[in-house]
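Thanks for coming, everyone. Let me put the structure up, and then I'll walk you through a few places in it.

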Amino acid sequence: MAEKLIFLTGRLARPRLERLLTELGETEFAWEIIDTGVKIAALMTEEIIKRRVTLPDGASRVILPGRFRGEPERLAAHFGVPFQHGPDEIADLPPFLGREGRPPDLSRHDLRIFAEIVDAAALDVEAIVERAGGLAAAGADVIDLGCLPDTPFPHLGDAVRELKARGLTVSVDSADVAELRTGADAGADYLLSLTEDTLSLARDYPVTPVLISAVPGDLSSLDRAIEAAEKDGIRFIADPVLDPIHFGFTQSLERFAETRRRWPQAELLMGTGNLTELTDADSAGVTAMLLGLCSELSISSVLVVHVSPHTAKTVEEHDLARRIMFAARNDGALPRDYHPGLLQVHDRKPFPASSEDIAALAEEVRDANFRIMTAPDGIHIFSSKGHFVAQDAFELFPKLGVEADGAHAFYLGAELMKAEIAWRLGKRYVQDEPLAWGVAAPAPEEDRTRLAEAGHTLRAKERDK
């Protein structure tokens, strides 16, 4: 028997919801819409639903508006039928229903993140520990202590021991054998980067070496290091080394592919910082591309660096990208529609409502409260006083009649500017909510079991009473 879905909504949203569900055509489920009698769907409460809603026979599941602030489990207990939040926007219902209401599983991945503290030698142990804690919280699996040429690092051993005491996995990255030995003596888990000439360190200590060519770009040197490690039974990770654009980038990609062909079972590492740090492009997109390569070539580790301010969220971006790529590969799918966190500047679906949808909604509004929405033709603001459209927020202000209401004018100015930014960038705008910038600027945690607080204008009016 087909599942029967019940959609709860308000008066203003019902026509559009009904049209969208009808346009789905034949579906594997039956559906019915229940108008709860409130004007705005997000204003529904648990008590309103319990008091006004009678579910039809055969209801399998009830879909609540995405912005409903209440506890679905309590409603499920009351009605004896599962309740769940739908998407925030009606336009997002088709993919939501295509996934049968279950979000993709991003809990798994198979990629290890080494996060390098590049200037570790210049920091004291306390500062290193603090930096390491932030990197681990962002998703790093290994804290890499970077050693600088001709820069003393007398507290290297102390730093390694302190990080290990705090339960962190540690690597030491140096071209100086003495520093590598100091790190290994202190209990480092990994040493970066050993060659066929320095592999003996891995025979003396219980560490995992990351192997590179003794001569840059010489795969035969890397082959010899791998062969020696395998002969001695040393677990290793090989790094063919990713070079920056115009300095061997394409050839380095070929090295990774060739290394995988020669050594199909070997663990590989890719240092992504030579692209994210040394390219003036938003790092999220660069990271997604590189981790797509890692996914296809079964590269199991990445070395992540943050020096340039434009890569401030690089660890978070790598963490999300590895989860998206893992899920997409397991599904045999493109890495799309799994999570919007890497779409920081533009959105794939910036306008959930068309200009015609907004015009129809505006005709139904009977109160003086302004609603703001965006569509391909610009910024829409409407109330019972009228419906105005512009592509420049400043053009709208003279039409609103709020010159004598400072609080309301300030609020509308802020919202309209936010709407204009969203429209110009092709981002989704939702009134009274922050713009979504993905992992670049995570939104504050939201408690959907409580109604939203009164807005600035309403609070001002309450104070003036």
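Start at S298. This serine is exposed, with a relative accessible area of 52%. By that word I mean over 50% relative accessible area; buried means under 20%, and partly exposed is in between, with a 1.4 Å probe and protein chains only. S298 sits in the loop between α12 (283–296) and β12. Its phi is positive, about 55 degrees, although S298 is not a glycine.

A word on what you are looking at. This is a predicted model, where local features need pLDDT of at least 70, side-chain atom pairs count only at pLDDT 80 or more, and totals for chains, interfaces and linings use all residues. Residues are numbered from 1 along each chain as its sequence is written, and side-chain values use heavy atoms, with hydrogens and water left out. Helices (H or I, at least four residues) and strands (E, at least two) are DSSP runs, numbered from the N terminus.

Back to the backbone. Most residues other than glycine have a negative phi, and most peptide bonds are trans. V241 is another residue with a positive phi, about 75 degrees, and V241 is not a glycine either. Look for V241 in the loop between β10 (237–238) and α10 (249–262). V241 counts as partly exposed because its relative accessibility is 29%.

Now the peptide bonds. Which residue does a cis peptide bond join to L192? The partner is S193, and omega is about -5 degrees. S193 belongs to strand β8.

Keep L192 in view, and turn to the second largest pocket. L192 is among the residues closest to the centre of that pocket, along with C147, D173, S174 and A175. In all, 22 residues line the pocket. Its space is about 400 Å³. Two elements give two or more residues each to the lining: α7 (177–185) and β8 (190–194).

How is such a pocket found? Rolling a probe the size of a water molecule over the atoms shows where empty space is left. Here the search runs on a 1 Å grid over the protein atoms alone, with a 1.4 Å probe; a pocket is an open set of points with protein on both sides within 12 Å along at least five of seven lines, and lining residues have an atom within 4 Å of a point. Points are joined across faces, edges and corners, and the volume is the space filled by probe spheres set on them.

How does the lining divide by residue type? There are 11 nonpolar, 5 polar and 6 charged residues. Nonpolar here covers Ala, Val, Leu, Ile, Met, Phe, Trp, Tyr, Cys and Pro; charged is Asp, Glu, Lys and Arg; the others, Gly among them, are polar.

Next, salt bridges. That term means a side-chain nitrogen of Lys or Arg within 4 Å of a carboxyl oxygen of Asp or Glu. The whole structure has 32 of them. I'll show you three.

First stop, D158 and R161. Their closest N and O atoms are 3.0 Å apart. The two are separated by about one helical turn, because they are 3 residues apart in helix α6 (residues 156–165). D158 is partly exposed at 42%, and R161 is partly exposed at 44%.

Next stop, R323 and D319. Their side chains meet at 3.0 Å, N to O. They are 4 residues apart in helix α13, so about one helical turn separates them. Buried or exposed, what is R323? R323 is buried, at 19%. D319 is buried too, at 15%. This pair is part of a network of salt bridges linking D141, D319, R322 and R323.

Last stop, R424 and E420. The closest N and O atoms are 2.8 Å apart. Both residues lie in helix α16, 4 residues apart, about one turn. R424 is exposed at 53%, whereas E420 is buried at 8%.

Stay on α16 (residues 406–425), where M417 is found. M417 is partly exposed, with 33% relative accessibility. Together with F394 and I421, M417 makes a nonpolar surface patch of about 310 Å².

One more loop to finish. A312 lies between β12 (301–305) and α13 (314–331). A312 is partly exposed, at 48%.

Note on methods:
Patch = residues over 30% accessible without salt bridge, like charges linked within 9 Å, V, L, I, M, F, W, Y side chains within 5 Å. Areas by Shrake-Rupley, 256 points an atom, 1.4 Å probe, with all protein chains shown as cover.
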